[in-house]
Amino acid sequence: MDDSQKNDRELIWHPFTSFTETPDPIFIDSAEGIYLHTTDGRRIIDAVSSWWVNLHGHSHPVIAAAIAHQARTLEHVIFAGFTHEPAITLAKNLKRILPLNQSKIFFSDNGSTAVEVALKMALQYWYNLGVKKERIIALKGAYHGDTFGSMSVGGRSIFSDPFSGYLFNVEFIDFPDTMNAEKAIQQFRELLATGDIGAFIFEPLVQGASGMRMYTPAVLDQLLSAAQEKGVICIADEVFTGFGRTGKMFASHYLSAMPDIMAVSKGITGGAMALGVTTCSAKIVDAFRTGDFTKTFFHGHSYTANPIACAAANASFELLTAPACDAQLTLIAGEHLRFASKIKGHKHIKEVRSLGTILAIELRTGEDTSYSNELRKKIYPFFLDRNILLRPLGNIIYILPPYVIKAGELHQIYACIEEFLSSDLLL
Ligand code: PLP
């Protein structure tokens, strides 16, 4: 163990990382495109886009230049009572790509805060109207982040167990995949009929952290139209699915209905800076347009709308909306589909799922599918030894690459997955 690693071990507490079960972290000196460069000269393919944030490859020169320019011009300013060009440009850019009904942009710092803001907006909407609708519906297995509000609307799991007594009550309906859609819609309608549901929060079409579980736009449309008929505020958590991940700019673009509130983060800056955004329709804003000071939305963070983060987001937006990026999304989706149909039916595979740039392979194991499935301990090192970063969700391998990946590089990852499938590790 060298000095840096010793210092890391001694001083740093890493996320989602056990103190005893984990090998030393890998030291990364630099990164370019899809590759992470280690101190000892390895080039590791970042096949999970560094927790789903990276879109255009690492250290992208256009984003780096925008950040450098902004840092020299205006690094930060309080965002209450003041404003700046990067935030206004970003708001205009987002308006161009969001579902048409989204009319206001509220800035925060990450996905969890974007969700917290969304929940608070929805709950205060009813408070400001003087209507008691305090219950929230969510989907079983959901993951919306690690703050208390976002944990409360997430499925209960080992992530939230230590805090279970502190989480507020939420009505969870079954995950509406093909097997359970009818039952879930029925549960949903029964809850709506009680008349005191204020909001419905969901990850549109794909539940990321619970294993890239997918459901159809048709089912989600049914849920949304049933909810909106009753005036229930629908919150799309697009923190993971936003900015092209599912093949369209937002997963909500697969739907006929439009959410009332959206939470976005992750890919917004192309993966370069921390930024969260909550957007909402005019209906929500109207409930806050009042002369009554006590009905103000009293929420904010020190770094709200940080100009450097906004500048990175604006640079990423230009790359994302260029035709070359669209071509890459099509390429990745096509390659994923071809590989999915090639390996479907393999004896070790329970299910292969794919949507846009996301490919998930659920492996058969003696244990239940879960985040703590022991198979993860074999999957992660197997790929890392071959210089591919795949961070499985238990027994689920997924690929979710930066959009700049080339077909040959995808084939390299697929070949490695086939090698894993035929290895004796799965016996
Ligand atoms: N919502 C969804 C759907 C997510 O997938 C995540 C993170 O994975 C979050 C919210 C939380 O985002 P963050 O990790 O930036 O707080």
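Helices (H or I, at least four residues) and strands (E, at least two) are DSSP runs, numbered from the N terminus. The structure is a predicted model, in which local features need pLDDT of at least 70 and side-chain atom pairs count only at pLDDT 80 or more, whereas totals for chains, interfaces and linings use all residues. Residues are numbered from 1 along each chain as its sequence is written, and side-chain values use heavy atoms, with hydrogens and water left out.

**Helix α12**

Asparagine 387, which follows α12, has a positive phi, near 60°. Within α12 itself, which covers residues 376-385, the residues Ile379, Phe382, Phe383 and Leu384 are buried, where buried means under 20% relative accessible area, exposed over 50% and partly exposed in between, with a 1.4 Å probe and protein chains only. The buried residues of α12 pack against the strands β3 (43-46), β14 (358-363), β15 (388-389) and β16 (396-399), and also against helix α13 (407-421); contact here means heavy atoms within 4.5 Å.

**The chain as a whole**

The secondary structure of the protein chain comes to 13 helices and 16 strands. Its radius of gyration, taken over C-alpha atoms and compared with a globule rule of 2.2 Å times the number of residues to the power 0.38, is 22 Å, which agrees with the value near 22 Å for a compact globule of 427 residues. The C-alpha trace spans about 65 × 55 × 45 Å along its principal axes. Of the 427 residues, 51% count as buried, and among contacts between residues at least 6 apart in sequence, 69% join residues at least 24 apart. The chain exposes about 19500 Å², of which carbon and sulfur atoms supply 56%; accessible areas come from the Shrake-Rupley method with a 1.4 Å probe, and for residues only the protein chains shown count as cover.

**The ligand and its surroundings**

| Residue | Atom in the protein | Distance to a ligand oxygen atom |
|---|---|---|
| Asparagine 110 | N or O atom in the side chain | 3.5 Å |
| Glycine 111 | polar backbone atom | 2.9 Å |
| Serine 112 | N or O atom in the side chain | 2.6 Å |

Taken alone the ligand exposes 390 Å², and the protein buries 84% of that.

Serine 252 is found in the loop between β10 (233-237) and β11 (261-264), and it counts as buried because its relative accessibility is 3%. Its side chain makes a polar contact of 2.6 Å with the side chain of glutamate 238. Leaving aside neighbours within four places in sequence, serine 252 is in contact with Pro99, Ala236, Glu238, Ala257, Pro259 and Met262.

Lysine 95, in helix α4 (residues 85-97), is partly exposed, with a relative accessible area of 43%. Apart from neighbours within four places in sequence, lysine 95 is in contact with Leu100, Gln102 and Ser103, and a polar atom of the lysine 95 side chain lies 3.1 Å from the backbone oxygen of glutamine 102.

Terms used. A polar contact is a pair of N or O atoms within 3.5 Å; within protein, one must be able to donate a hydrogen and the other to accept it, and residues adjacent in sequence count only if both atoms are side-chain atoms.
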